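Please keep the sequence and the structure in view while reading.

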Amino acid sequence: ISVETEITNSAGNPGLAGNIIFRNYNLFRGGEEFRIKLRGGMELQRSAEEDARKFLFFNTVETGIEAGLKFPRFLIPVRHERFPKFFKPSSTIISGLNYLLRPEYERYIFNMSFGYNWSSNDQLRHSFFPVELNSVSIFPDDSSSFFQQLEETTDIRLRQQYTDHITTGMRYNIIFSNQKINKFIDFVYINSVLETAGN
């Protein structure tokens, strides 16, 4: 169990946040790693709403939970024989829910992903997530002038950022590093990502 605390100052906006993380490195007695993270935070952000809802003197509150399960092998549909153990294959399932309360709106974000990780040698690591799902639900405050101004703007992209939507995606990540542990020599680190998103 670990505890993390944060004090933030983003563009003059003070904030506090904290995480509680629980890990079990052998959940089903087969080397499965289970992780759950609870997050809470508060921040004072600039707002056009003078009578904004406040908690203490903060007007923005965020809470969230994220759970992940990592298996030390590939799950279906990949057969174990195709990837020997020295490839260090693993499968990861992650799911989370985030809640944000702002003076202008409330927002819920649900995300879920499933993917594989492996190493082809000591210098190359791969991650492939064929399934990534992200769902956003926004509940505006009817008395807020923010959404009235948003309807009047000609920036379609900005308006869509504050609407309900579901996005699916796929991601492939490859990392090259020839760093030698405990040796003070130059090394090369390259992190490349190919990602698609949309329905």
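The text below describes strand pairing, a nonpolar core and a nonpolar surface patch.

The model is predicted, so that local features need pLDDT of at least 70 and side-chain atom pairs count only at pLDDT 80 or more, while totals for chains, interfaces and linings use all residues. Residues are numbered from 1 along each chain as its sequence is written, and side-chain values use heavy atoms, with hydrogens and water left out.

**Strand pairing**

Helices (H or I, at least four residues) and strands (E, at least two) are DSSP runs numbered from the N terminus. Two strands pair if DSSP finds at least two bridges between them.

| Strands | Direction | Bridges | One partner pair |
|---|---|---|---|
| E6 (residues 105-119) and E7 (residues 124-140) | antiparallel | 14 bridges | Tyr-108 and Ser-137 |
| E7 and E8 (residues 165-177) | antiparallel | Eleven bridges | Ser-135 and Ile-166 |

E6 and E7 form a hairpin, with four residues between the two strands.

**The nonpolar core**

A nonpolar core is a set of buried Ala, Val, Leu, Ile, Met, Phe, Trp, Tyr and Cys residues joined through side-chain atoms within 4.5 Å. Buried means under 20% relative accessible area, exposed means over 50%, and partly exposed lies in between (1.4 Å probe, protein chains only). The largest such core has seven residues: Leu-100, Tyr-105, Ile-109, Val-136, Ile-138, Phe-147 and Leu-150. E6, E7 and helix H1 (146-152) are the elements that give two or more residues to this core.

**The nonpolar patch**

Nonpolar side chains (Val, Leu, Ile, Met, Phe, Trp, Tyr) are joined within 5 Å, and like charges within 9 Å. Accessible areas come from the Shrake-Rupley method with a 1.4 Å probe; for residues, only the protein chains shown count as cover.

A nonpolar surface patch of about 1,000 Å² includes Ile-1, Val-3, Phe-22, Tyr-108, Phe-110 and Met-112. Strand E2 (13-24) and E6 each supply at least two of its residues, and E6 gives the most, with three. Phe-22 lies in E2 and counts as partly exposed because its relative accessibility is 35%.

**Tyr-108**

Tyr-108 belongs to E6 and, at a relative accessible area of 34%, is partly exposed. Beyond its neighbours within four places in sequence, Tyr-108 is in contact (heavy atoms within 4.5 Å) with Asn-98, Tyr-99, Ser-135, Val-136, Ser-137 and Phe-139. Tyr-108 and Val-136 are 28 residues apart in sequence, yet 5.8 Å apart in space, C-alpha to C-alpha.

Terms used
Patch = residues over 30% accessible without salt bridge, like charges linked within 9 Å, V, L, I, M, F, W, Y side chains within 5 Å. Salt bridge = Lys/Arg side-chain N within 4 Å of Asp/Glu carboxyl O.
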